[in-house]
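Trainee: I would like to learn how to read the inside of a protein model. Please take me through it one feature at a time.

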Amino acid sequence: MVETPDPLWDPDLPGDRELERLTTLLGSYRHVPGPLPTAPALRRRRSRRVLPGAAAAALVAGMAIVAAWLPWRLQWSEHRQWAVEVEADARTLPATLAVGQTLATAATQSATLQVARIGRMQVLPGTRVRLTDTRTGHHRIELLEGRIRARIWAPPGHFGIATGSSETVDLGCAFEMSRSPQGDGTLRVTSGWVMHRVEGQETLVPAGSTLDFSAERSGIPLASDAAAGFRTAVIRFDQAMAAGQRPPDAEARVASEATAADRFSLLTLLTRYPALASGPLYTRLATMFDSAPPPGHRAAWLHGDVQAMNLWWEQIPRPPKAWWLNWRDALDRAPAVPAAG
């Protein structure tokens with residue numbers, strides 16, 4: 001299924017009337033450079049000293065409206081139903097989804113869930129999802145099987161998707177996920193970050209990466225364009241390590257196949273298995289940072305020292321999405337006037 005272009009994520013596309021109205025409202029306070037004024041224009045400008053004050057008052061009023069509107073956007077009454085938008089071939093689907101209810105699309109149907117006021121989730125054909133909890137700051141669904149796409153504008157942790165014993169927690173992003181009835185699935189992040197959690201194991205997945213998971217565990221996040229050889233080597237080596245084995249030939253292959261674009265995968269492997277710091281993966285990863293590690297860094301990593309690990313984690317150039325700066329995301333089909341509740 002081809003995703004419909006969305007003006008919220010591509011400012012060059014035209015939006016609906018409400019989006020254009022709000023964009024114009026906020027955009028009017030943006031500085032747009034123009035030609036230098038002529039002498040007569042300067043004289044006219046000096047004669048209108050009241051205008052800067054009026055503009056400042058309008059700016060303050062606009063900021064006050066936005067400051068009041070954004071907290072409302074995040075508020076949601078406990079157990080309030082989510083709206084369901086359906087296409088012409090899916091009129092049999094319900095118009096709302098309540099806590100405890102399941103939404104199931106047939107092979108020719110699709111639908112879009114309004115995730116409270118914080119985002120939208122496409123439910124693609126042949127998918128079943130169940131709404132398990134919804135309230136301010138905490139919205140959770142379960143993906144029973146099938147495929148979904150979600151775009152969320154909210155602080156980290158507000159939205160999450162359960163898949164059996166695991167949970168995917170949004171950190172302010174856009175992502176898609178699929179899951180088989182047996183519990184195997186794939187997570188692909190297109191913006192921001194997500195956290196995949198299963199059996200106490202937490203795995204960060206950044207934009208541009210995919211993560212395969214099963215009912216029991218997470219794999220290692222891999223760049224979506226990672227070379228086939230590196231991808232295969234990482235999967236096999238991670239499975240061997242999870243089984244309590246450490247084949248040196250597989251470890252050496254991962255190190256030799258890795259490129260600078262695979263830095264996040266190596267970092268995740270070393271964090272998950274600190275003992276690997278004694279081998280070639282640490283040496284290869286060290287070459288991917290601007291400066292050499294300080295004395296004692298490798299020994300500290302071997303002992304699972306969090307400070308030593310954070311030294312490299314903090315040098316990853318893609319921080320979690322600054323959701324509060326992306327105000328256009330917050331305008332995603334927002335009602336013109338706040339409703340009660």
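Trainee: Which residues have the most contacts inside the largest nonpolar core?

Mentor: In soluble globular proteins, nonpolar side chains tend to be buried together. A nonpolar core here is a set of buried Ala, Val, Leu, Ile, Met, Phe, Trp, Tyr and Cys residues joined through side-chain atoms within 4.5 Å; buried means under 20% relative accessible area with a 1.4 Å probe, counting protein chains only. In this predicted model, local features need pLDDT of at least 70 and side-chain atom pairs pLDDT 80 or more, while totals for chains, interfaces and linings use all residues. Residues are numbered from 1 along each chain as its sequence is written, and side-chain values use heavy atoms, without hydrogens and water. The largest core has 35 residues, and V254, L269 and L281 have the most contacts inside it. Among the elements that each supply at least two of its residues are α6 (263–272) and α9 (306–313); helices are DSSP runs of H or I with at least four residues, numbered from the N terminus. A second, separate core of 34 residues includes W76 and L211.

Trainee: At what angle do α6 and α9 pack?

Mentor: Two packed helices are described by the angle between their axes and the distance between the axes. Axes are lines fitted to C-alpha atoms over the stretch in contact, and angles run from 0 to 180 degrees between N-to-C directions. For α6 and α9 the angle is about 175°, with the axes 11 Å apart. α6 is therefore roughly antiparallel to α9, a term for angles over 145 degrees. F264, L267, T268 and T271 of α6 meet M309, W312 and W313 of α9, where contact means heavy atoms within 4.5 Å.

Terms used: Buried < 20%, exposed > 50% of the residue type's maximum accessible area, 1.4 Å probe, protein only. Parallel < 35°, antiparallel > 145°, perpendicular 65-115°, else oblique.
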